[in-house]
Amino acid sequence: MPSGPNEMKFRSAYEAHARTLLGYALRRTATPADAADVVADTMLTAWRRLDIVPDEPETILWLYGVARKVIANGDRTQRRQLRLTEKLRAQLDEVLEDLPMPDPALAAQVARAMEALTAVEREVLTLTATELLSPAEIAVVLDMKQNTVRTHLHRARKKLRVALATDIPERS
């Protein structure tokens, strides 16, 4: 890590150019927080590569070049994330199109019955029903013994059956 004269060189560059770099970044990024990140990343690069930072008056020009690359990298990352988000959204739309829509009254009934379960019973039942995990797999996920999972699953199913049986309206 730089020390002595190198540390002074860095401090001098920071004090002389941080505000100028912030203005540069503010004009090229979406938010002040993004601009602050650009300045921080630029100065971190300067600290790490202090041996190649040119002396004044070229220091600011070198820092502009680094900041420009930091901004470009951020833009590329944002575009990649946007493409991934769009791809995932399209895949989710496909999955949702294929899902059968439950009867709203039955869905409300099941939701009420699930609320009566403990958090662990609800999780065990959900992992069994929606993720199709075995008790052994659930034991790994929840970091508990397989027999404990089986006990929670048995209790959850029993409570759910009772709750759904008593919540069914009488037919006339």
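Why are Arg 11 and Glu 7 separated by about one helical turn? Select both: they sit four residues apart in helix α1 (residues 5-26), so about one turn lies between them. (Helices are DSSP runs of H or I, at least four residues, and strands are runs of E, at least two, numbered from the N terminus.)

Before moving on, a word on the ground rules. This is a predicted model, where local features need pLDDT of at least 70, side-chain atom pairs count only at pLDDT 80 or more, and totals for chains, interfaces and linings use all residues. Residues are numbered from 1 along each chain as its sequence is written, and side-chain values use heavy atoms, leaving out hydrogens and water.

Stay on Arg 11 and Glu 7: they form a salt bridge, with the closest N and O atoms 3.0 Å apart. That term means a side-chain nitrogen of Lys or Arg within 4 Å of a carboxyl oxygen of Asp or Glu, and the structure holds four of them. Arg 11 is partly exposed at 43% relative accessible area, and Glu 7 is partly exposed too, at 27%. (Buried is under 20%, exposed over 50%, partly exposed in between, with a 1.4 Å probe and protein chains only.)

Next, pick Asp 55 and Lys 9, a salt bridge whose closest N and O atoms are 3.7 Å apart. Asp 55 is in the loop between α2 (32-48) and α3 (59-98) and Lys 9 is in helix α1, so the pair ties together parts 46 residues apart in sequence. Asp 55 is exposed at 55%; Lys 9 is partly exposed at 25%.
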